[in-house]
Amino acid sequence: MDLRNYNDFLSGEDLINAITIPLSTSIILANLIIILGIVFNRHLHNTPNYFFLSLLVADMCTGVALPFIPLMGLNRELSFSSCLVVHIFPNFLFLAFLFNLVMVHYERYICISDPLHYGNLWMHRSFPLALLTVWAPPLLYASLPAFGWNNWTGPDWDGCCVDTQNLMSNCSTNATACCSYKRVFTNEFIYLEVYGLVLPAILTIAGMTGHVLCITKGQLKDICRLHRSVQRGDKASDREQRLNLRYTRCVVAVSLTFLACWVPYLIYMHVCIAFLLSDARWNATTHIVLACTGNGSMAVVPLVLGLSNRQYTEPAHKLLQGLRDRVRRRATDSSVASV
């Protein structure tokens, strides 16, 4: 490999670190705040919050793996086992995050759509089995390339890797080889994951969220109708206007969350599929930016759900309030002492 390609590889890594490290740190810290808020509040120790806790752990792991996901698009010189690990492990964490997110949305969807049978859900009766359901299948599917479903025995693609000691050396040696996502993941594997797992999961989440909003709208109309019958008036009261305004804000918040968190990832996913179908080479900077923004925005979804609940953030709020009061007391004491 020549010096120009080696410099491009290093600049790609620098760009990945510049984008993903601050984003990854923010995701990890925010998840830790919410996790500690659930752990230290005994009133939140119940099955629904345990599901959400599992989602937060998966999201935090996704934040840890976030800097490694864009590296999948870069060719590197690695051994067969190392190449499998750096591709399979981030993919497993992402799929586990997605499965946990579907489980949390399904649990809350049943709570609203069918509250009478909510307590008899199978996931409540057998919580360990539910956890196994959201963690084991992603691990099994992500590990399929390690069991032979890969392109490692295909063409060697000599010269596509980086050798830091000898830039003109051949990558295909006995110890190392050119590590690329095309050698680990077959086209069929990628298509099945995208259109058989990821896209149906996103559509399921969107469908359940839309149905919950429809149910909420119907309940709001019933409340307004009962309120008018009690008040015996045809005009909307201030309370009805406040309820309608709150519902409108909820719809706007859900829509903006979907646009900000899911649309960038859907764009990144379909762009990747388009280039995979055309088998064309694309700019590394474009791939890095799309991968970082798409996967990073998707990892923000649990944080939006968690930070919007005051019960989860109450310990952190109390801690910050205590620190602020302590600083104020010290400032007051110092001003009095100076007088």
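Is His-43 buried or exposed? I looked it up in this predicted model, where local features need pLDDT of at least 70, side-chain atom pairs count only at pLDDT 80 or more, and totals for chains, interfaces and linings use all residues. Residues are numbered from 1 along each chain as its sequence is written, and side-chain values use heavy atoms, with hydrogens and water left out.

**His-43.** I found His-43 exposed, at a relative accessible area of 72% (exposed is over 50%, buried under 20%, partly exposed in between, with a 1.4 Å probe and protein chains only). His-43 sits in the loop between helix H1 (3-39) and helix H2 (47-65) (helices are DSSP runs of H or I, at least four residues, numbered from the N terminus). I also checked Gln-311: its C-alpha is 9.2 Å from that of His-43, though the two are 268 residues apart in sequence.

**Aromatic pairs.** My search of the whole structure gave eleven aromatic pairs (ring centres of Phe, Tyr or Trp, its six-membered ring, within 6.5 Å; planes under 30 degrees apart are stacked, over 60 edge-to-face, the rest tilted). One of them is Phe-52 with Tyr-312, stacked at 5.2 Å centre to centre and 15° between the planes. Phe-52 is in helix H2 and Tyr-312 in helix H12 (residues 310-338), so this pair ties together parts 260 residues apart in sequence. Phe-52 is buried at 0% relative accessibility, and Tyr-312 is buried at 2%.

Next I noted Phe-89 and Phe-92, a tilted pair at 6.3 Å and 45°. They are three residues apart in helix H3 (residues 80-113), so about one helical turn separates them.

How values were computed
Helix = DSSP H or I, 4+ residues; strand = E, 2+ residues; numbered from the N terminus.
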